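Subject: The two-chain model

Hi,

Here is the structure I said I would pass on.

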Amino acid sequence: MNKDFTTALRPALVMTLLFALLLGLAYPLALTGIGQAIFPDQANGSLVRDHGKVVGSTLVGQAFTSDRYFNTRPSAAGDGYDGLASSGSNLGPTSRVLAERVKDDVARFSGTSPGQPVPADLVTTSASGLDPHISPEAAFFQVDRVARVRGIDRAVVRKMVGDSVEHPLMAFLGEPRVNVFKLNRRLDAFGSKPAA
Amino acid sequence: MSFQGWLLIAVFVGILLLLCRPMGQWLFALYEGRRTPLHHVLGPVETGFYRLSGIDPGEEQGWRRYAVHMVIFNTALLLFTYAILRLQGGLPLNPLGFDGASEHLAFNTAVSFTTNTNWQSYGGESTMSNLSQMLGLTIQNFLSAATGIALAFALFRGFARRSATTIGNFWADMTRVTLYLLLPLCVVLAIFYIASGVPQTLAGSVDVTTLEGVKQTLALGPVASQEAIKMLGTNGGGFFNVNSAHPFENPTALTNLVQMLSIFAIGVGLTWTFGRAVGDQRQGWAILAAMMTLFLAGAAVAYWQEAAGNPILHNLGVAGGNMEGKEVRFGIAQSALFAVVTTAASCGAVNSMHDSFTALGGMIPLLNIQLGEVVVGGVGAGIYGFLLFAILAVFVAGLMVGRTPEYVGKKIEAREVKLAVLAIAVLPLMILGLTAVASVTEAGLAGPLNKGPHGFSEILYAFTSAVGNNGSAFAGLTANTPFYNGLLGVAMWVGRFFIIIPMLAIAGGLAAKKHTPATTGSFPTTGLLWTGLLIGIVLIVGGLTFLPSLALGPIADHLAMAGGQLF
């Protein structure tokens, strides 16, 4: 038994160091090199620039709360869409805090689009707090408000949403969804005058 | 529920079954120590590692030496990671300038990653430097996985060898699995992840001015290289706080499918390897059939419950399934399936927040871990855990017909059964014991975010996850405290090694036995009857112990949810 211990020491120490070099440094650094060389856009966060200024990432959601924009989902990441503090709400199904938060959000959205049931994703926080998407239903739900505030014809906005819907891969992999950042950039590019 | 959702589950299982044989064959080559095509490239690395560390890969080890070398190596790794985490404030590659981790957090995290648990008491992007992620954590993701597979090989040899005193060489098993399986696959997977949008950079963050004119800082880092091994090695420790729910860790439905397949790929392959090692492929298929039956039952219940949604929210005028804590790009089907996969295996990565699942939808992940994570299970750990249940199952069958039980040509006697029960009993003793302690102490009760039965579920889930070496969480629990970091750290260590050591003792004892050829009186360990018996034993021995705790947590929560009761 004693010999089992003594024979283990040198391999344990040397192997730890060798594998640290191989797996802890060589492997991630080599991949960083490969990624930066072949896929520089993706490897650096799929960023979008306007006049050299970074305005967002196509993958990560940002807070949209004004009526001029299609709103993103409520977020539990920091004060909302905090890219340094991803988080879900972690509220359970019988949480009073959850029920009250949802009630408030339902009231807020129903005020702008009365008479329709509110799509679930629009009043629930995502897992990451950084969800870039909303469901097509949640986007169409907001068309009337955005069209009214921007003074654009409703049909035009509706078409913009329709064109923004991304479909599941091979019809079953993933969900139909709308990237809110991309949709709102389209909206801005349309060049509307904000209605008084 | 939708047709597309069921189709997804069917396609997932179909691809897995296709992967089973090639993965199993490759693992069998490593089990036998055969040369592979990759030896041309990586062979010199292997021999160089042996030479520098004074290892003779051909030296056969008895189970005691195998166990001691494995534990000493894992202890060295533990100390190494602990040191990196404590010292990260003064080390390079720390673009966001994080301080060293506290003693209890560094202890908890080092144990967590060494034991293949990857419980995270911290938020990655707000705590860990890039160096810590790479050198402290990624390395453990590889080596804890390789350790698990090596241990499965050792147990296979126990069944396969006759009148032998040894069960292989730990260093050779572990090194070969790392170099010829994990590393090359991870390079391929990581490149795929980068191409799909997972960052791989040494930069710490980038500043964004949003369309609404607000400043947003996005955390970046060498994410893809960690992501690849995190899933393949069933580790589950994410780069970011929210793990595979983060758009940078898991940007698309396709990366999500690949991640789920990565979790199960090696585990299902090992069932094939086992059949091949004991010379009867049907033995492997019988185990896989039992695993897949349990898996599909869990997936169906979780998907059904999440799709049905929360009646409390429906009454507030919300339409649809339960989307709290889920990402739109994954929706209900991919979130529920991922939750079942990650807990059936001992992965613990999450793409949705289990804490916010409906009561019964969230009970399935919990139950999966309590069953011992033998439904495919962690790489290596799943199959050796399942074989412990198989030993119990032949014992029960032997009692019923009054014969000495046999399994794949080995007599199963009192020693094997005692050791198997000892290993399996660790789970309920530790999980229920520690949950009880936390439920009556002030420090323990300070943890839960939710009130009522769901708060109890958070505590129960934490200790279940730690002892089971899973690592997923009902993450509302505030666990980064000396109380939880300490207790959960101990739970993870005991949950890993107090199962492994009896298991290796069984392997050593079995290897020494003569081969007992099957006769007409032997209980057949292939076919439907056996598969049914295995499922029964897993559910009764693994599951029944936990039923009272489930009644206090998720089941009470479900009744409250149905009755509209809030806490």
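How many Å separate the centres of domain 1 of chain A and domain 2 of chain A, taken over C-alpha atoms? They sit 43 Å apart. Domain 1 covers 2-40 and domain 2 covers 45-190 of chain A, with bounds that come from an automatic or database domain assignment.

Before going further, some ground rules. This is a predicted model, in which local features need pLDDT of at least 70 and side-chain atom pairs count only at pLDDT 80 or more, while totals for chains, interfaces and linings use all residues. Residues are numbered from 1 along each chain as its sequence is written, and chains are lettered from A and ligands numbered from 1 in the order in which they are written.

Now the strands of chain A. Helices (H or I, at least four residues) and strands (E, at least two) are DSSP runs numbered from the N terminus, and two strands pair if DSSP finds at least two bridges between them. E1 (residues 47-50) is joined to E2 (53-57) in chain A by four bridges, running antiparallel. A:Leu47 is opposite A:Ser57 there. The two strands make a hairpin with two residues between them, and A:His51 in the turn has a positive phi of about 50 degrees.

Further along chain A there is an open, antiparallel sheet of three strands in the order E4-E6-E5. Its edges are E4 (133-134) and E5 (165-166) of chain A, each pairing on one side only. E4(A) is linked to E6(A), residues 177-179, by two bridges, and A:His133 faces A:Asn179 across that pairing. Helix H7 of chain A (180-189) lies across E4 and E6, at about 60 degrees to E6(A); axes are lines fitted to C-alpha atoms, for helices over the stretch in contact, and angles run from 0 to 180 degrees between N-to-C directions.

On to where the chains meet. Contact here is two residues with C-beta atoms, placed from the backbone, within 7 Å. Chain A puts 92 residues into it and chain B 102. H1(A) gives the largest share of chain A's side, 24 residues. That side has 51 nonpolar, 30 polar and 11 charged residues (nonpolar is Ala, Val, Leu, Ile, Met, Phe, Trp, Tyr, Cys and Pro; charged is Asp, Glu, Lys and Arg; the others, Gly among them, are polar). There is also strand pairing between the chains: E3(A) and E3(B), residues 318-319, run parallel and are joined by two bridges. A:Val118 stands opposite B:Val318.

Chain B has 20 helices and five strands. Its C-alpha atoms fill a box of roughly 75 × 55 × 45 Å along the principal axes.

Why does B:Lys326 count as buried? Because there are 32 C-beta neighbours inside 10 Å. Leaving out residues up to four places away in sequence, B:Lys326 touches A:Ser126, A:Ala127, B:Ile332, B:Ser335 and B:Ser352. B:His354 is 28 residues from B:Lys326 in sequence, and their C-alpha atoms are 9.1 Å apart.

Cheers

Key
A residue is buried if 20 or more other C-beta atoms lie within 10 Å of its own, exposed if 12 or fewer, and partly exposed in between; C-beta atoms are placed from the backbone.
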